[in-house]
Amino acid sequence: MKTKKIVLALFCVFALNSINAQTDTIVKAKILDDGSQDAEKFYNSGIANFAAKNFKDALADFDKAIGVKADFEKAYYNRGSTKFEMKDYKGAVADFDKSLSLLQNPDSYFSRGQAKYALDNKTGALADYSKTIELKSDHAQAYYYRGGIKFETADYKGAVDDFTQAIRIKPDYAYAFNDRGSAKRQLEDIDGAIADYTSALKANPAMGFTYNNRASAKRKKNDFKGAISDYTEAISKKENYYVAYNNRGSAKYDAGDYQGALEDFTKAIQLKSDYAFAFNNRATAKFKLKDYKGSADDCTKAIQLNANYGYSYLNRGIAKEMLRDNAGACSDWKKAIELGVESAKNYTGDCN
Amino acid sequence: MKKIILLLLVVLANTVHSQNVEFVKENFANNKDKFREAKGRLDAGDKLFVQGPMFYKLAVYHYFAANQFNPDNALLNFKIGKCCLYSSNKIRSILYLEKALKLNPAVDPQIHYMLGKAYHLDLQWDKAIEEFKVFQKTLTGTDAESLSLSNDADKQIAECLTGKDLEKKPVRVFIDNAGPEVNSKYADYGTVISADESVMLFTSRRDNTTGGGVDPAINDYFEDIYMSTKKDGKWTPAVNMGPPINTNDHESTTGLSADGQKLLIYIGKNNGDLFESELKGAVWSKPEKMNKNINTDYHESSACYSPDGKLVYFVSDKPGGLGGSDIYVSAKDEKGRWGKAVNLGPSINTQYNEEGVFIHPDGKTLYFSSRGRETMGGYDIFKSVFDDKTKTWSNPENLGYPVNTPDDDVFFAISASGKHGYYSSVSEKGLGEKDIYMITFLGPEKPMILNNEDNLLASLTAPVKETVIAPVIAIKEAQLTILKGKITDALTQQPLEATIEIVDNFRNEIIASFTSNSSTGNYLVSLPAGKNYGIAVKKESYLFHSENFDIPMTAAFQEVVKDVALSNVAVGNKIILKNIFFDFGKSTLRPESTNELERLTKLLNDIPTLKIEISGFTDSKSSAEFNLKLSESRAKSVVDYLVKANIKAERLTFVGYGKEQPIASNDTDEGRQLNRRTEFKILSK
């Protein structure tokens, strides 16, 4: 019986490398296994279950471990990680709180930051990532995720700084290059964005989404040919990449290839039948191809998928104008204004 | 071997087919009767052909019959081509001219020019240019005629290049036939419209022309003027306006005042002169020839009134201009006579002809046709805007394709809103000959918005939506207000013929004066943006009615309907003096009140027994005490003004009602503005 337990613990040592739980705990478990460490045994069993994605069992194990040893800091940490996997983010935060009350571990802050982020508490997450960095200044991931939050809260400059730190610590950090490129793009530094996306692809050429992002940056520079080529690469790297089809359609539209655009939007719709953007965009291509009825119908479809799709109301109004349905056009433009599309105000001058 | 023979036969057949076949009996020995008949038709056509382009329409009827018998005669094909080119089937000429050229390249020295012209009209720019260039090579002489022809070909080439350019960036319009109520199988053209598009007058050569005559000079019915009105958004069947507007001779429309009450007519006598007629009640007055400042011994053709009726723009080819026919302007003097005409100068006129002048109801945008500017062929329609500050006309702008075409585009009228234009054109889909069409201007392309998203953050699986800012569109709207309505007697509700005075309140100047129609009471005035207007509706033995319109420079086009019921001068009747203004929170009369005060003074002078009460009202802001005091002191200011203007003080009383007797809600800005007012009431007469 004793032997079995040891085997299990050893197994955990090898199995753990690939999961989020802390590897050093296992070393302890191994060393401290003198046959009387029940808490540690439950704890190790929890790790094994966690590795096998048996989260429910893992949770029960960590509960038992804590039941035996109320100040088992690592058990709290691992139970927090398990709850995180089980999407019980509040429970996770409580466990990380407890873990931190027992030990100021940068990883605990980092993980709590992740849980808070999942709870949409971006401020709390940001503070936890900052604390992680304070305790461990070369924590590349903390910089990276903090940069992500800054990006999401439109602090693009702050985001660039954090991504830069992450790259400094980890020079082949492909994700950080991608995200810094995106932040630069938001700052209208399109050349800088393209350079970062290129570095990201050098670090990891398999990232289809980065090809997509670089393509969109090129599209912003009116390099439609370059954009189309990158979108095509994105599509080849990532299966069923409907976003890139929709985007390539837009680049073709910009380049005046309305038929090509139409085909790409149709492909995006085939891949994702509820993709409102692609319906809306296909309406623009059909309009250019003078298929005004088809254009209005596609807008209707987009509106059916998203009742608050202001731009699609705007577009349908434009199509209806060409169908000589002035009343319908006016009604759509007014609805677009209601939904916040200011430019529709330019068109309602003649409406009753 | 058999195959070779067959091939030879085919080649031979083709050669035979493309050979010129003369109209001589030897060529038709086997079909003498039919030859005789066809030759007869050819001769009949020739007799008409030599009489000139007016007879081409008839000539071609015979030529077609002859051509059916012998389709391979180069000269006949050429003549058919020429007839088509210079009548209404212009594009059809290509078929015959191409064949004539193929049958005999030397059929006529003009063939390349005509083919160039036909291609030009068919928007085949490159082929047209090529033909004009070939034509130029045939002009080997150095005489004046050759030079002139070569210059003309140069102009045609330039027009083709302009056309090619304009066709690439077409104006977004809908073009609709005005419909069978307006158009007929005869030529319908020369549309003029009232500013609100409620009345359309046009010229037509129909078989019900007054007198029923055909003008032998043009081999067509005499022109008459027809009218259609809009009811429930549709044009009513056009009616011949009859006498005294129409006579046995030619009458054609050229201009209509914004309110549709005054008509400018072109009559062909004396080389072409301009006449005026006015709608009195339901009857149009006998057209009166305009004075010698307008009409000369030369050709005065089109004309239009400025919206205030004080200017007339017209076209004349009298000497002293810039060349050909030019656009002139004449102003009405205080006695209502048209003054000396002034040439609009090189900003508008060119060495070539200008024609078809039309001033928009905004009073500053001039539409006209020109042969001398960058046109895509013949006359094109241009517009130019007068800058009141610099007193200059802007560089004329081509209205673009498809408003303009390679053919002549003349006589264009545009609605006050600027949304609709009316013109005439020949189309195979039309009702016959020229038809009237309505253009709906759609303005610059309304860009559709595309939406995209990217996987911007590698750590997130959800794509991030791209922020889209829809572009701002330049709004090109006519900036004016059309004020229209009906003036009636408040008691009987019968229509009244009253005077409508438009006053620029800041300049204290009567800008224009109009009269409502006696039988309908209808009136219409055009108020260009950028002024504070006082409107006074007056009629003898009635109390005047005043309105105020403050129209900022940035105001968009609007049509305001304001029916006015005038009250008799009777005890107890009262009116609101809408053009009396005070300084904010004070009782000092502002200078822009002068005109209204003068009107009030005149009323008191006209009826010396009249005793009135002037009352002041405020909104409900501020304290009751303050409001009462302010309203009273404001009423007193008006009385003081009248006393200074020699109205006896015992005829006048003043009272302040403060916030009492509101006429609108005090909860809104608009309501409060209406409540702040000065009224007068008749106490005895």
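Chain A is divided into domain 1 (1-89 + 96-101), domain 2 (104-205) and domain 3 (274-352), with bounds that come from an automatic or database domain assignment. This is a predicted model, in which local features need pLDDT of at least 70 and side-chain atom pairs count only at pLDDT 80 or more, while totals for chains, interfaces and linings use all residues. Residues are numbered from 1 along each chain as its sequence is written, and chains are lettered from A and ligands numbered from 1 in the order in which they are written.

Taken over C-alpha atoms, the centres of domain 2 and domain 3 of chain A are separated by 39 Å. Chain B is divided into domain 1 (18-168), domain 2 (173-441), domain 3 (479-568) and domain 4 (570-685), and 78 Å lie between the centres of its domain 1 and domain 4, again over C-alpha atoms.

The two chains meet where 23 residues of chain B are in contact with 31 residues of chain A, contact being counted if the C-beta atoms of two residues, placed from the backbone, lie within 7 Å. The side of chain B that touches chain A has 14 nonpolar, four polar and five charged residues; here Ala, Val, Leu, Ile, Met, Phe, Trp, Tyr, Cys and Pro count as nonpolar, Asp, Glu, Lys and Arg as charged, and the others, Gly among them, as polar.

In chain A, helix α13 (residues 208-220) reaches 19 Å from its first C-alpha to its last, close to the 18 Å expected at 1.5 Å a residue, the expected span being 1.5 Å times one less than the number of residues. Helices (H or I, at least four residues) and strands (E, at least two) are DSSP runs, numbered from the N terminus.

Chain B holds an open sheet of four strands in the order β1-β25-β24-β23, with antiparallel pairing, where strands pair if DSSP finds at least two bridges between them. Because β1 (173-177) and β23 (413-414) of chain B each have a single partner strand, they stand at the edges.
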